[in-house]
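Here is a friendly briefing to read alongside the model. Please keep the sequence and the 3D view open as you go.

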Amino acid sequence: MRKPANPASASSRSEASACGARNTASGFSVRGTNTPHPVIAGLVHDVQLSDGSKSGRVRVDWKKADDAVIYIVETAPDSTDPSEFSIAGVTTSLHKDIGDYTPGTKVWVRVTALGREEAGPASEPVSIIVR
């Protein structure tokens with residue numbers, strides 16, 4: 001013997017397929033899923049430079065950026081030309097020892113945080129004379 005169709009479930013399916021519909025069988029509203037916003041890392045603050053672990057090295061420290069997953073440390077001989085910056089290191093920590101510079105060289109450093117999907121803005125460049 002064949003079961004009769006359940007009119008409540010047919011009604012629920014048709015109502016649930018419409019936007020803002022109400023599922024009459026359960027009494028709950030049916031909502032579409034929210035589209036997640038891209039996770040963009042925040043700005044890196046308080047970049048500090050000091051002598052590195054040995055001559056010609058620079059230690060870079062900074063404070064955690066919001067939603068950061070990884071950090072990119074970039075260096076340049078001049079801070080006024082953004083195209084001069086190149087990657088000196090990548091890390092998941094809040095510090096990085098970089099370089100193999102000639103002592104007496106001036107180096108500009110900036111740090112960029114990467115979120116799960118997009119990079120945040122680069123920090124303000126700071127400089128040090130390498131020892």
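**A strand residue to start from**

D46 lies in strand β1; strands here are DSSP runs of E with at least two residues, helices are runs of H or I with at least four residues, and both are numbered from the N terminus. This is a predicted model, in which local features need pLDDT of at least 70, side-chain atom pairs count only at pLDDT 80 or more, and totals for chains, interfaces and linings use all residues. Residues are numbered from 1 along each chain as its sequence is written, and side-chain values use heavy atoms, with hydrogens and water left out.

- Most residues other than glycine have a negative phi.
- D46 has a positive phi, near 55°.
- With a relative accessibility of 39%, D46 counts as partly exposed; the classes are buried for under 20% relative accessible area, exposed for over 50%, and partly exposed in between (1.4 Å probe, protein chains only).
- D67 also has a positive phi, near 60°, and sits in the loop between β2 and β3.
- The relative accessible area of D67 is 47%, so this residue is partly exposed.

**The chain as a whole**

- The chain holds one helix and eight strands, and along the sequence they follow the pattern α-β-β-β-β-β-β-β-β.
- Of the 131 residues in the chain, 29% are buried.
- Among contacts with a separation of 6 or more, 54% join residues 24 or more positions apart; a contact means heavy atoms within 4.5 Å.
- The accessible surface comes to about 8,700 Å², and carbon and sulfur atoms account for 52% of this area. Areas come from the Shrake-Rupley method with a 1.4 Å probe, and for residues only the protein chains shown count as cover.

**The open sheet**

- Strands of a sheet pair through backbone hydrogen bonds, either parallel or antiparallel.
- Three strands form an open sheet in the order β1-β2-β5, with antiparallel pairing; two strands pair if DSSP finds at least two bridges between them.
- β1 and β5 (95–98) are the edge strands, each with a single partner, so one side of each has no neighbour in the sheet.
- From one strand to the next, the twist averages 20°. The axes are lines fitted to C-alpha atoms (for helices, over the stretch in contact), and angles run from 0 to 180 degrees between N-to-C directions.
- Five bridges join β1 and β2 in the antiparallel sense, and D51 stands opposite V58 in β2.

**The largest nonpolar core**

- The largest nonpolar core has 18 residues, and V44, V60, W62, Y71 and V111 touch the most other members. Such a core is a set of buried Ala, Val, Leu, Ile, Met, Phe, Trp, Tyr and Cys residues joined through side-chain atoms within 4.5 Å.
- β1 (45–51), β2 (58–63), β3 (70–76) and β6 (106–114) each supply at least two residues of this core.
- β6 gives the most to this core, with four residues.
- Not counting residues up to four places away in sequence, W62 touches a set of residues including V44, D46, Y71, V73, L94 and V111.

**β6 and its partners**

- β6 is mostly covered, with seven of its nine residues buried.
- Which strand pairs with β6 over seven bridges? That strand is β3, in the antiparallel sense, and Y71 stands opposite A113 in β6.
- β6 also pairs with β8 (residues 126–129) in the antiparallel sense, over four bridges, and W108 stands opposite S127 in β8.
- With β7 (residues 119–122), β6 pairs over two bridges, again antiparallel; T112 stands opposite A122 in β7.
- β6 and β7 form a hairpin, with four residues between them.

**T75 in β3**

- T75 is located in strand β3.
- Is T75 buried or exposed? T75 counts as buried, because its relative accessibility is 9%.
- The side chains of T75 and Y101 make a polar contact at 3.5 Å. A polar contact is a pair of N or O atoms within 3.5 Å; within protein, one must be able to donate a hydrogen and the other to accept it, and residues adjacent in sequence count only if both atoms are side-chain atoms.
- Leaving out residues up to four places away in sequence, T75 touches residues including E84, F85, I98, Y101, V107 and V109.
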